[in-house]
Amino acid sequence: QVQLVESGGGLVQSGGSLRLSCTASGNLEGIYNMDWYRRAPGKSRDLVASISSGGSTNYEDSVKGRFTISRDNAKNVMYLQMNNLIPEDTAVYYCHADQRDSPTRILSHWGQGTQVTVSS
């Protein structure tokens, strides 16, 4: 079983910064892609940024140039550095990981979420 625990959320003023962390534990063999998602009030859960096991990254357009995703495979931690935050970034942020369990099965793991609130 894989556990993902997010931390680092909070309340920040517009233009400020936060760094989210996602610590993975348990049976981590086969973990490859990791992602950050967010769910804003009244909206669906949307992909924010992804990082492969090799370090390749992708970002949702609205966060490009402001957010940076990274991972430390030795420590089993993924980060999301968020700069120049705006009120529209207010959401619950979720850590997600894909794990190849067998040649034909991929497991999807989620954290419990951490609240980020950006005041104007």
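Me: Is His96 buried or exposed?
Reply: His96 is buried, at a relative accessible area of 5%; buried means under 20%, exposed over 50% and partly exposed in between, using a 1.4 Å probe and protein chains only. Bear in mind that this is a predicted model, where local features need pLDDT of at least 70, side-chain atom pairs count only at pLDDT 80 or more, and totals for chains, interfaces and linings use all residues. Residues are numbered from 1 along each chain as its sequence is written, and side-chain values use heavy atoms, with hydrogens and water left out.

Me: Which side chains make a polar contact with the side chain of His96?
Reply: Asp35 does, at 2.7 Å, and so does Ser108, at 2.6 Å. A polar contact is a pair of N or O atoms within 3.5 Å; within protein, one must be able to donate a hydrogen and the other to accept it, and residues adjacent in sequence count only if both atoms are side-chain atoms.

Me: New topic: how many disulfides are there?
Reply: The count is one disulfide, taken as a pair of cysteine sulfur atoms within 2.5 Å. Cys22 is joined to Cys95, with S to S at 1.9 Å.

Me: And what is its handedness?
Reply: The torsion about the S-S bond of Cys22 and Cys95 is about -65 degrees, so this disulfide is left-handed.

Me: What about Lys43, buried or exposed?
Reply: Lys43 is exposed, with a relative accessible area of 57%.
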